[in-house]
Amino acid sequence: MNAASQSLSHSSLAYRPDVDGLRAVAIISVVLYHAFPFLLPGGFVGVDVFFVISGFLISSIIFKELEVGRFSFADFYRRRIRRIFPALILVLCVCYAIGWFTLMATDFKMLGKHLAGGMGFAQNIVLYREAGYFDTASELKPLLHLWSLGVEEQFYILFPVIAWGVWRWRGALLPVVLGLGVISFVAGVQKLPSNASAAFYVPQYRFWEILAGSLVAYWSVFHPVAVTRLRQCTALREALALLGFVLMGIALFVIHEARSFPGYWALLPVAGASLLIAAGAESRLNRVLLASRLMVWVGLISYPLYLWHWVVITYIRIIGADALTIISGTVAIVLSVLLAFLTYRFVELPFRRARSSLPKTAILVSLGAMVAAVGMLSFIKSGLPFRPGLADEVKARETYAQYFENSLPEWAYFSRAGIFDAYRMECDFFDLESYRAGHKSEEPRARIDSGCYVPDTATKVMIWGDSHAQQFYYGLRQVLPDSVSILQVASSGCAANFPGRAQDGKAYCDRSNQFALEVIDKERPAVLVIAQAYGHDSINSFVELARTARLAGVKRVIVVGPVPHYEPFLYQIVIRKHWNDTPRRIKDNLIQTFSELDEGLERKYSDGAGGFEYLSAMRHFCNGEGCLIYLGDDRRTGLVTYDYGHLTPPASLDFAEQALGPRVMANLELQ
């Protein structure tokens, strides 16, 4: 997102209303995607359009000032601060104030860290270090969207220095800008398969998008005659604009979450935005559509609208503990636009126009530092669980929520509930130690514990998959006799698959699956249990996996279907929607796609049609009255899932006793 929301109003540059209109297209795309993703599946590429606009506008100013010999680092960063800080500080303060009275400590602790990360323009790095299989869902992070602000400001820390440094060799400026852009793009494309989070969040892999705008700025500033001639050619000018619109339209409707993004797909919105800007203000599409009064108005409020919209949407979802509906999504958009207009009218404009002897930049920097310090204090103090102003009922809910507090690096719930042993995480090739230390790695651990693959007895059962396979170990170990060895090769985020086919090309997943196949081939377990979180029979093939296992000597293969998935986490649903009268089962907040997936798999693979037995976990946990919330008499220790869908040890035991254990034993008796 173009953090400055800045048009070419600099005294030495001509204002282009169509660029404000292009900004409107970008922000409308982003807001619609976040409120109603089914309407605009590729709306998130609006951020990429903002990157191009930002590169064009800010680079134009830098290049023009270098050309006339009055570029100043102090002036440049002072303008950035005055543009960015007023609205940002306001939104962060309001976000924190709402969170003070509405968020449980776990979420408030996260908000504090993101407050500091957003104010310090490092939110993209913070989010990258958090990204992982057990991370809080992105929909519950009110300041998630500030990652793009981080990318931009990190660029503008480096780019002015580079431009100034090579300016004395003017002929080198274009090759340097072009070269850096190519290097950034190629690096991002190469990084995407092995580490999608890095390719998305880490700045050097996104800089090429901003540099695309810088290249358009270079030609506009240093070759105005050539640019003018190009735009005077009506056919060429209109063709460029039309092609830009077409490319952006394709991006908005063809790109979606399942695409490997950014990578090559990001070329569509980046090229589209670059062509529209290059076509000039006189092209018909730009003049009639983008420069229209409504589009310019939306473009002018686009920066505060970007800041507000995700905060509003997220708090509506958190407080209501539900996904957006048509009504709540519409309310979120209207409220966001209203807040954006008020911020623009009564914060941004007055601050720009104010004539004061007070040092505005110093004041803004001081206020920003205070906001960041408050955020860090809230994070260090574990979210201030019993902060002043909370009602007694909220405190009671907080006590419940604290039981499930599981933030890094402590992973308190995992320790409290014994998840490390229950899930047998010593059999996981994902480097959990590095992840806990804030250094997520896609490279596999050197080895897993030998007890994971060396049996103690002649009869062997093996578990293969991701953490949704790990969750069945605890129950099976309690149910199966000691004469049965349970082998396990299951790694977080790694569906059972063949080497080289891991989702997102994760190296540790390929290693995990390769090792699992080696263990299967060597030990020939009597029963192989396969399970995973998502992508059942789409990111892998159960028929192929079962055939390979049988050829290796496995007698029986059991594929366990998905467990119920909730949005948000189950304990948060209890706190916000079912606190005073918690039912045994619920139907709300279930992600229905998993129920539909389970039904389809049951129909397709009934009676061992695929060479394996399909066991529905949904059928065990859910019936016509809904899905089971908790077991026993305690809605805390008996909760079925501790997050969106990972089973707690009691739920693992219940499933093993009633469903999986008897199925495994029946297959062992057939040997």
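User: How many Å should helix α7 span, and what is the distance between its end C-alpha atoms?
Analyst: Before the answer, please note that this is a predicted model, in which local features need pLDDT of at least 70 and side-chain atom pairs count only at pLDDT 80 or more, while totals for chains, interfaces and linings use all residues. Residues are numbered from 1 along each chain as its sequence is written, and side-chain values use heavy atoms, with hydrogens and water left out. Helix α7 covers residues 170–191, and at 1.5 Å a residue its 22 residues should span 32 Å, which agrees with the 32 Å between its end C-alpha atoms. The expected span is 1.5 Å times one less than the number of residues, and helices (H or I, at least four residues) and strands (E, at least two) are DSSP runs numbered from the N terminus.

User: Which residues of α7 are buried?
Analyst: Those are L173, V177, G181, S184, F185, G188 and V189. They cover an arc of only 130 degrees around the axis, which puts them on the same side of α7; the arc is that of the directions from the helix axis to the C-beta atoms. Buried means under 20% relative accessible area, exposed means over 50%, and partly exposed lies in between, using a 1.4 Å probe and protein chains only.

User: And which exposed residues does the face turned away from the buried side carry?
Analyst: That face of α7 carries G171, I183 and Q190.

User: What do the buried ones pack against?
Analyst: The buried residues of α7 pack against α2 (46–68), α6 (147–166), α8 (196–201), α9 (207–222) and α12 (267–279), where contact means heavy atoms within 4.5 Å.

User: Switching to strands, in what order do the 3 strands of the open sheet come?
Analyst: The order is β5-β8-β7, and the pairing is antiparallel. β5 (585–586) and β7 (622–623) stand at the edges with a single partner strand each, so one side of each is left without a neighbour in the sheet. Two strands pair if DSSP finds at least two bridges between them.

User: How many bridges join β5 to β8, and what stands opposite R585?
Analyst: There are 2 bridges between β5 and strand β8, which covers residues 626–628, and R585 stands opposite L628 in β8.

User: What about β2, how many of its residues are buried?
Analyst: In strand β2 (residues 484–490), 7 of its 7 residues are buried. Both faces are covered, with V484, I486, Q488 and A490 on one side and S485, L487 and V489 on the other. Strand β1 (residues 459–465) runs parallel to β2 and is joined to it by 7 bridges, and G465 in that pairing stands opposite A490.

User: New topic: how many salt bridges does a search of the whole structure find?
Analyst: The search finds 21 of them, a salt bridge being a side-chain nitrogen of Lys or Arg within 4 Å of a carboxyl oxygen of Asp or Glu. One of them joins R79 and E65, whose closest N and O atoms are 3.2 Å apart. R79 lies in helix α3 (residues 73–102) and E65 in helix α2, so the pair ties together parts that are 14 residues apart in sequence.

User: Is that pair buried or exposed?
Analyst: The two residues need separate answers: R79 is partly exposed, with a relative accessible area of 26%, whereas E65 counts as buried at 2% relative accessibility.

User: Then where is R424, with its positive phi?
Analyst: R424, which is not a glycine, has a phi of about 60 degrees and lies in the loop between α20 (419–422) and α21 (432–436). R424 is buried, with a relative accessible area of 9%.
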